[in-house]
Amino acid sequence: MKPLLALAVLLAAPLAHAAEGMWTLDRLPLERMKSELGFEPDAAWVDRAMKASVRLAGGCSGSFVSPDGLVLTNNHCIVDCLTGLSTAQKDFLNGGFLAAQRSQELQCPAVELNRLEQIEDVTARVNAATQGLSGRAFNEARNAEKARIESECGSDKTVRCDVVELYDGGLYHRYRYTRYQDVRLVFAPEYDIGFFGGDPDNFNFPRWNLDMALLRAYEKGQPAKVRDWFRFSSEGVKEGDATFVTGHPGSTQRLLTVAQLERRRDIDLLHALSSYSERRGWLYQYSKLGTEQARQAQQDLTFTENSLKVISGQLNALLDPRLIAAKREAEAALQSGASPEQKAAWSEIEAAQRAYRRLWKPYRAIEERGGFYSRHFEIARHLVRAAEERGKPNGERLREYQDAALPQLTQRLFSAAPIHVEFEKAKLEWSLTKLREWLGPDDPFVKLVLGKESPAQLAARLIEGTRLAEVATRKALYEGGLEAIAASQDPFIRLARAVDGPARAVREQYESEVEAAEKKAAEVISRLRFAKLGTSTYPDATFTLRLSYGVVKGWEENGRPIAPFTDFTGLYSRQTGAAPFRLTPPWLERKAQLTLNTPFNFVSTNDIIGGNSGSPVINRKGEVVGLAFDGNLHSLGGAYWNDPLLNRMVAVDSRGMIEALRSIYGAKALVQELQPPR
């Protein structure tokens with residue numbers, strides 16, 4: 001890492017480097033864009049880009065691509081929908097899906113889309129509510145004020161408001177969204193082409209993936225009519241062209257202190273690496289039990305392997321001593337001229353990390369359900385807590401049960417997606433074993449959970465005795481409230497009630513001693529940073545709409561140039577007939593119908609992170625030229641810094657998507673909808 005680059009990155013001073021930055025749309029670096037690209041978007045361009053972009057509330061991005069509510073996103077972003085609609089007889093994940101007409105579009109069990117309509121600064125209100133407070137009192141006051149601000153958007157379930165923390169609490173903004181919960185599946189390719197190359201090719205390039213899917217938003221039973229949408233480009237892009245990504249990056253940690261980065265390196269990532277490695281092995285063995293077991297475990301195995309690569313990439317970045325050294329230097333520069341009270345913020349964060357080291361095992365295992373890897377337990381936890389929390393004033397509830405969150409919670413809670421009993425039993429047995437390993441067999445909580453039973457015995461008894469797989473049972477318990485929960489003899493409900501006290505206690509400890517302390521100190525540091533840099537910098541990612549700009553460009557790897565494009569010719573050269581380099585019959589049978597030199601995937605210098613999956617890549621005209629679905633291996637360190645020399649976004653080319661829809665799938669109506677006559 002070059003010293004100048006390190007200092008710029010770690011001080012969050014992206015002015016030094018082109019293509020770095022995940023910018024909020026109300027504070028775009030317009031002069032910088034004009035200087036570097038010769039293009040300065042006007043207010044109309046920005047407003048259209050904002051309202052044509054959507055967020056998949058489960059953790060991805062997307063965009064409207066027709067006036068009739070058609071939404072483009074990644075295939076891997078709708079795996080929940082595909083598996084939820086699938087059965088042993090009809091497997092949409094592996095077999096794909098195409099609705100020949102709109103009456104055949106299938107409602108996804110639990111997909112919510114959010115379209116951003118308005119951004120409002122509410123910093124003064126939150127700061128006034130927390131003035132002079134610390135610890136638990138600070139946390140409660142901040143959360144209560146955020147809830148009040150969100151509730152002012154009213155009770156209309158088609159509206160969603162979130163108070164978003166930017167610059168580590170330096171700013172608080174209210175994001176007002178239109179919410180769509182009737183979302184239907186239109187098109188998804190087969191898994192083998194949507195994730196061609198599997199784990200070996202994941203986070204690599206060259207790539208040959210049709211990682212695309214099409215959904216449709218509905219309102220009152222009819223396709224949603226939208227004013228702002230992106231037309232598919234017929235020309236695509238060439239090397240050196242400017243590209244703009246509007247999406248919802250999930251989380252970056254580029255503003256963390258050294259103490260926080262060291263904790264993440266020494267605890268979070270090492271534990272996650274061990275845990276996910278073991279989970280991958282367990283899921284792989286379960287998949288070997290039969291075809292149906294492989295289908296049941298496919299989603300979890302895919303995302304576990306993906307998580308492992310992300311964790312490894314982040315850990316490698318934090319193991320580079322140059323990064324930590326540069327961060328120390330940057331912190332010293334930031335502290336220069338600060339008052340003793342301001343400098344104390346770093347000491348307060350260090351103290352919070354010591355508290356974290358004491359609390360992380362029970363917090364992860366108990367409150368975050370690391371010891372309860374089970375859809376049944378997830379449902380039971382929500383039912384038990386919702387019954388209690390909904391009886392409180394909105395501002396005093398746990399955030400996931402406040403009014404703004406309830407529509408998405410109930411959508412998932414009452415999802416009709418199937419729950420596979422034997423898979424659930426095996427998952428729960430494994431995670432209960434890990435619970436005992438992490439906390440120890442003599443831990444009071446472990447004794448409370450297991451009693452005299454083994455993990456296998458308890459998992460079997462719980463799964464065989466529950467009725468929570470039935471949506472009607474869940475609805476009756478939710479609507480019956482505290483009385484229904486207290487009377488329930490369902491073993492999962494009884495377990496969730498028994499462990500809720502210890503779980504709430506460790507959560508309260510964590511939020512008071514770690515989270516609140518970090519937030520309060522981070523606000524002090526943020527104000528120092530603001531004094532030096534203002535909003536000429538971009539805030540860390542918060543799963544809110546951002547714009548990143550870059551150019552189509554390859555890179556050099558160990559002296560070897562990596563070209564920025566692939567085409568269909570390379571796809572057929574790479575296929576072997578065996579997973580993960582296997583093509584499905586339509587792709588083998590219709591090869592002659594393809595124009596093989598059509599661009600398929602490309603890379604650009606756009607700065608993205610997890611959550612950007614499904615983001616549209618648009619040109620200066622506001623046309624879709626690509627669909628972001630991945631990054632290269634170097635981009636995995638993007639959680640902590642950006643290296644414009646090596647970090648690359650990987651996208652499906654618009655021309656490749658149109659060619660596949662037309663020549664492989666015969667989806668002429670969709671092609672016309674994506675590229676209507678002007």
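User: Why is asparagine 558 called exposed?
Analyst: In this predicted model, asparagine 558 has a relative accessible area of 79%. The term exposed applies over 50%, so asparagine 558 is exposed.

User: Where does asparagine 558 lie, and what is its phi?
Analyst: Asparagine 558 lies in the loop between strand 15 (555-557) and strand 16 (560-562). Its phi is near 55°, which is a positive value in a residue other than glycine.

User: What makes phenylalanine 543 buried or exposed?
Analyst: The relative accessible area of phenylalanine 543 is 17%. Buried means under 20%, so phenylalanine 543 counts as buried. The residue is found in the loop between helix 20 (491-533) and strand 14 (546-551). For phenylalanine 543, phi is near 55°, a positive value in a residue that is not glycine.

User: How do you know whether leucine 283 is buried or exposed?
Analyst: Leucine 283 has a relative accessible area of 0%. The limit for a buried residue is under 20%, so leucine 283 is buried. Its place is in helix 10 (residues 258-287).

User: Which residues does leucine 283 touch, not counting residues up to four places away in sequence?
Analyst: Leucine 283 touches Ala297, Asp300, Leu301, Thr304, Tyr373 and Phe423. A contact requires heavy atoms within 4.5 Å. Along the chain, leucine 283 and phenylalanine 423 are 140 residues apart, while their C-alpha atoms are separated by 9.7 Å.

User: Why are cysteine 60 and cysteine 77 said to form a disulfide?
Analyst: Their sulfur atoms are 2.2 Å apart. A disulfide is a pair of cysteine sulfur atoms within 2.5 Å, so cysteine 60 and cysteine 77 form one. Cysteine 60 lies in strand 3 (residues 60-64), and cysteine 77 in the loop between strand 4 (70-73) and helix 4 (79-85), so the pair ties together parts that are 17 residues apart in sequence. The torsion about the S-S bond of cysteine 60 and cysteine 77 is about -80°, so this disulfide is left-handed. Both cysteine 60 and cysteine 77 are buried.

User: How do you know that cysteine 81 is joined to cysteine 108?
Analyst: The S to S distance between cysteine 81 and cysteine 108 is 2.1 Å. This pair falls within the 2.5 Å limit, so it is a disulfide. Cysteine 81 lies in helix 4 and cysteine 108 in the loop between strand 6 (106-107) and strand 7 (113-121), so the bond ties together parts that are 27 residues apart in sequence. Cysteine 81 and cysteine 108 are both buried.

User: Why is the disulfide of cysteine 81 and cysteine 108 given a handedness?
Analyst: The torsion about its S-S bond is about -75°, so the disulfide of cysteine 81 and cysteine 108 is left-handed.

User: What can be said of cysteine 153 and cysteine 161?
Analyst: A disulfide joins cysteine 153 to cysteine 161, with 1.8 Å from S to S. The torsion about their S-S bond is about -85°, so this disulfide is left-handed. Cysteine 153 is buried, as is cysteine 161.

User: How many disulfides are there, and what pattern do they follow?
Analyst: The count comes to three disulfides. With bonded cysteines counted along the chain, the pattern is 1-2, 3-4, 5-6.

User: Why is the protein chain called as compact as a globular protein of its length?
Analyst: The secondary structure of the chain comes to 24 helices and 21 strands. The radius of gyration is 25 Å, close to the 26 Å that the globule rule gives for 678 residues, so the chain is as compact as a globular protein of that length. Its C-alpha atoms fill a box of roughly 65 × 65 × 50 Å along the principal axes.

User: What share of the residues of the protein chain count as buried?
Analyst: Of the 678 residues, 60% count as buried. The accessible surface of the chain comes to about 26,800 Å², and 51% of that belongs to carbon and sulfur atoms.

Definitions and conventions
Residues are numbered from 1 along each chain as its sequence is written. This is a predicted model: local features need pLDDT of at least 70, side-chain atom pairs count only at pLDDT 80 or more; totals for chains, interfaces and linings use all residues. Side-chain values use heavy atoms; hydrogens and water are left out. Helices (H or I, at least four residues) and strands (E, at least two) are DSSP runs, numbered from the N terminus. The radius of gyration is taken over C-alpha atoms; the globule rule is 2.2 Å times the number of residues to the power 0.38. Buried means under 20% relative accessible area, exposed over 50%, partly exposed in between (1.4 Å probe, protein chains only). Accessible areas come from the Shrake-Rupley method with a 1.4 Å probe; for residues, only the protein chains shown count as cover.
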